[in-house]
Amino acid sequence: MEIRHYPVMHKEVLEYLTIPQGKACMIDCTTGEGGHTSLFLSNYPDLSIIGLDRDKEIQKKAIERLSAFAPRFTPVLSWFDEYLASAETESADAVLFDLGISMFHYAESGRGFSFKSDEKLDMRLNTDGGMSAADVVNGYSEEALADVIYRYGEERYSRRIARAIADRRKEKQFELSSDLADVIAASVPGQYRHGRIHPATRTFQALRIEVNGELDRIKPALGEAERVLRPGGRIAVITFHSLEDRIVKWFFKDEEREGRVRILTKKPIVPSDEEIAENAPSRSAKLRVVEKVL
Ligand SMILES: C[S@@+](CC[C@H](N)C(=O)[O-])C[C@H]1O[C@@H](n2cnc3c(N)ncnc32)[C@H](O)[C@@H]1O
């Protein structure tokens, strides 16, 4: 089994997400391939981890990788907001969120997350139900599509891209990620087409967020995580773009003002130059940590 994902800021997460002595319980809300979970289980022999993920394929990889820790690792196939809403109050000592998707999704899932691939436009984490990226691209009105691309991709050419998609699908519906990427690239000005990032990057991010309801799940999950945490316990959140980070930052600020948490990272922690050199995708990561007030 190939492990593709490098656990981002793992030293910093281990330092800030402190675990009490003796028997303790942590919830890893985004287990992925189990990188962070494996580090915590190795470092704390009395720690048990409930590992959530809504993707059953990546969960299989985590179960295999963490088999040596089996009695201390409990995998749960669930969206994190839904699991946390049903979890017992003050039952966990630490909660970790490492938001977004994993290298596995781009490189191996075959679900069209990458504009570089020739895969079916799916992008669902939960492949058992719900709408796919193809449903969004082929079924949303041009206006709704432009709104999604603007809101979740912060794409300045959202209207032009939505128009090009709407024109093209009159002739032929979109099926493959590469097909969509080509139509996007042809719809934007030349300078943008040859810019720093591929012109489809932001639209692909927007579609993934829309398909999985990613942003809508964060705030409710943080509220529930706070309830589920024991007083003195900590929540650590790693975000990868400003839309996610804004939600986390303001939620924690409001909770601190209400006297429910103490913010331990006045400024977010970012990866070291060494980490960025080793793992370029980590460059946009930010870590924020709070402690539940006693
Ligand atoms: C960035 S990866 C986590 C990587 C992991 N920390 C590691 O070191 O291997 C995020 C994972 O969370 C899952 N995920 C994203 N949003 C989720 C949600 N709302 N509920 C449950 N799982 C989610 C994705 O399927 C993905 O496997």
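**Labels and their cut-offs**

Reply: Nine residues of domain 1 are in contact with 11 residues of domain 2. Two residues are in contact if their C-beta atoms, placed from the backbone, lie within 7 Å. This is a predicted model, in which local features need pLDDT of at least 70 and side-chain atom pairs count only at pLDDT 80 or more, while totals for chains, interfaces and linings use all residues. Residues are numbered from 1 along each chain as its sequence is written.

Me: Which elements give two or more residues to the side of domain 1 that touches domain 2?

Reply: They are α5 (103-107) and α12 (214-228). Helices (H or I, at least four residues) and strands (E, at least two) are DSSP runs, numbered from the N terminus. The protein chain has 14 helices and seven strands.

Me: What are the bounds of domain 1 and domain 2?

Reply: Domain 1 is 10-104 + 214-292, and domain 2 is 106-212. Such bounds come from an automatic or database domain assignment. Between the C-alpha centres of the two domains there are 29 Å.

Me: Why does the radius of gyration of the protein chain agree with that of a compact globule?

Reply: The globule rule is 2.2 Å times the number of residues to the power 0.38, and the radius is taken over C-alpha atoms. For 294 residues the rule gives a value near 19 Å; the protein chain has 20 Å, so the two agree.

Me: Why does Met9 count as buried?

Reply: A residue is buried if 20 or more other C-beta atoms lie within 10 Å of its own, exposed if 12 or fewer, and partly exposed in between, with C-beta atoms placed from the backbone. Met9 has 23 C-beta neighbours inside 10 Å, so it counts as buried. Met9 sits in the segment before α1 (10-16).

Me: Why does Met123 count as buried?

Reply: Met123 has 25 C-beta neighbours inside 10 Å, and therefore counts as buried. Its place is the loop between α5 and α6 (133-139). Of the 294 residues of the protein chain, 43% are buried.

Me: What is the phi of Met9, and what is that of Met123?

Reply: Met9 has a positive phi near 45 degrees, and Met123 has a positive phi of about 70 degrees. Most residues other than glycine have a negative phi.

Me: How many residues surround the ligand?

Reply: The ligand is surrounded by 21 residues, the closest being Pro7, Thr30, Gly32, Gly35 and Asp98. A residue is near a molecule if its C-beta atom, placed from the backbone, lies within 6 Å of it.
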